[in-house]
Amino acid sequence: MALSVSRSCALRLRLSIPSSSSSSSPAFATCVTQSWPRAYATESAVHSKRRGAPGSAKATHKGANVSSAAPKKVSTKVEERAAAHAGPHTAVTDAKALAGSSSKRRPLSKAVVPEVEKAVPAAKAATAPAKELTVEEKGLQELEAIEYFKKVMRSADPFGQPIASSLDVMLVRPASPLHISKYASLGQWWGQLVQNRVNGMKSFMSMMYLAGDDAIPGVKLGRVPWYKSFGWLFKAGKSQSTKTNVWISPLRQIALETYRELNQNVAKGDSKAVKTLTAADYQTELLRRLKKQPANFTFRWTFEREVSPTQIVSLRAAQYHMGREDPKFGNRYLVHALVKFDTEQSLEIYGARGEPLHEVAEGATKRADGTVAAKPKRVTEYLVMEKRMWYDTPWVFREQKWEA
């Protein structure tokens, strides 16, 4: 292989090396190193160190596919194009790259400038963060997803899928003129008063929808002459009533029985029963509590009494089943009810040896099975109940709300 030496190196060799000297002088080595760098020599050393045996530079050059030639120069134009395509490929970056690159080489033509100016604001608007959707828009998105699901999964039931969010049930607080002093400002009191009225109107309309399709839980209306249906206007407005002779009374009883059954199953640690009576986030929370319960402890939950009657605070009904044919059972409505439970209940806890670990009630004595009553405590909870009226399934609790 021929060795090319630069003029500067040749001059140094003439001045420092006699004619009879060998090529192993330091000056010659320096010139060779500067003018003829071999990349594969380093690779050969690395391979020799790994394998433990010296390898030839030629074999290493072929195996590693290393070239001793200098890297090819890349033009500035190619580098600019590569850098433009390396980032996120959007209309904004394209427009900026076009404007920037053109300014370096040549000015844009008069026909291109207006189009670039129009494209940049439009592209920014397209890539801007999406605004928060309203309840109606979220509902429309869910319906579109259901229709798409029906086309893709024709053998599955699209109306049995989990429901992402509850209907717009509202907590109600006293907002009569006598309660103005309990609010921080007059505006806060007025806002709560308006919210209570809106909630009452929505609950009234939901009751009217259910009555029109004879779908009120526990109530059989049948066919009613048109002149008698005017009485529904008064009955539908009593969705928050706690009396026993109103339309909402059977639903209140269903809510209380489901509440008692659920708490007893939670105390027993029956996760299967808990899954049957819950849904969505509330189910996840209860299952998390069950996992944290000590395995060697025994829990016993007891319902003592109602401090105040169970009340339906807010009621919502919407046609959720959008199939072409009517459901074979029930009707098309999805019903959500926010229920207030104001009760006295007790929880007995026993250790591995059966010793009571709870606070014993005053004057309580041991029973025949060795248990002793716990001290009752007042518990107030707001739970959202759900029922898909086209299924013959029990009511379930899907969410818990807290009073501010």
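Visitor: Which helix does Ala280 lie in?
Guide: Ala280 lies in α13, residues 280-292. Helices here are DSSP runs of H or I with at least four residues, strands are runs of E with at least two, and both are numbered from the N terminus.

Visitor: Before I go on, what am I looking at?
Guide: This is a predicted model, where local features need pLDDT of at least 70 and side-chain atom pairs count only at pLDDT 80 or more, while totals for chains, interfaces and linings use all residues. Residues are numbered from 1 along each chain as its sequence is written, and side-chain values use heavy atoms, with hydrogens and water left out.

Visitor: Is Ala280 buried, partly exposed or exposed?
Guide: Partly exposed, because its relative accessibility is 30%. The classes are buried for under 20% relative accessible area, exposed for over 50%, and partly exposed in between, with a 1.4 Å probe and protein chains only.

Visitor: What span does α13 have?
Guide: The 13 residues of α13 reach 19 Å from first C-alpha to last, close to the 18 Å expected at 1.5 Å a residue. That expected span is 1.5 Å times one less than the number of residues.

Visitor: Which residues of α13 are buried?
Guide: Tyr282, Leu286, Leu287 and Leu290. They are on the same side of α13 because they cover an arc of only 130° around the axis, taking the arc from the directions between the helix axis and the C-beta atoms. On the other side, Asp281, Thr284, Lys291 and Lys292 are exposed.

Visitor: And what covers the buried ones?
Guide: The cover includes α11 (249-268), α12 (271-277), β3 (377-388) and β4 (396-401). Contact means heavy atoms within 4.5 Å.

Visitor: Switching to charges: how many salt bridges are there?
Guide: The count comes to 14, using a side-chain nitrogen of Lys or Arg within 4 Å of a carboxyl oxygen of Asp or Glu. One of them joins Arg316 and Asp168 at 3.2 Å, N to O.

Visitor: Is Arg316 buried or exposed?
Guide: Arg316 is buried, with a relative accessible area of 4%, whereas Asp168 is partly exposed at 29%. Arg316 and Asp168 also belong to a salt-bridge network with Lys202.

Visitor: What does Arg300 form a salt bridge with?
Guide: With Asp369, the closest N and O atoms being 3.7 Å apart. Arg300 is in strand β1, and Asp369 is in the loop between β2 (333-350) and β3, 69 residues apart. Asp369 counts as exposed because its relative accessible area is 53%.

Visitor: Last one: what makes up the nonpolar surface patch of about 680 Å²?
Guide: Trp226, Tyr227, Phe230, Leu233 and Phe234. Patch residues have over 30% relative accessible area and no salt bridge; like charges are joined within 9 Å, and nonpolar side chains (Val, Leu, Ile, Met, Phe, Trp, Tyr) within 5 Å. Areas come from the Shrake-Rupley method with a 1.4 Å probe, and for residues only the protein chains shown count as cover.
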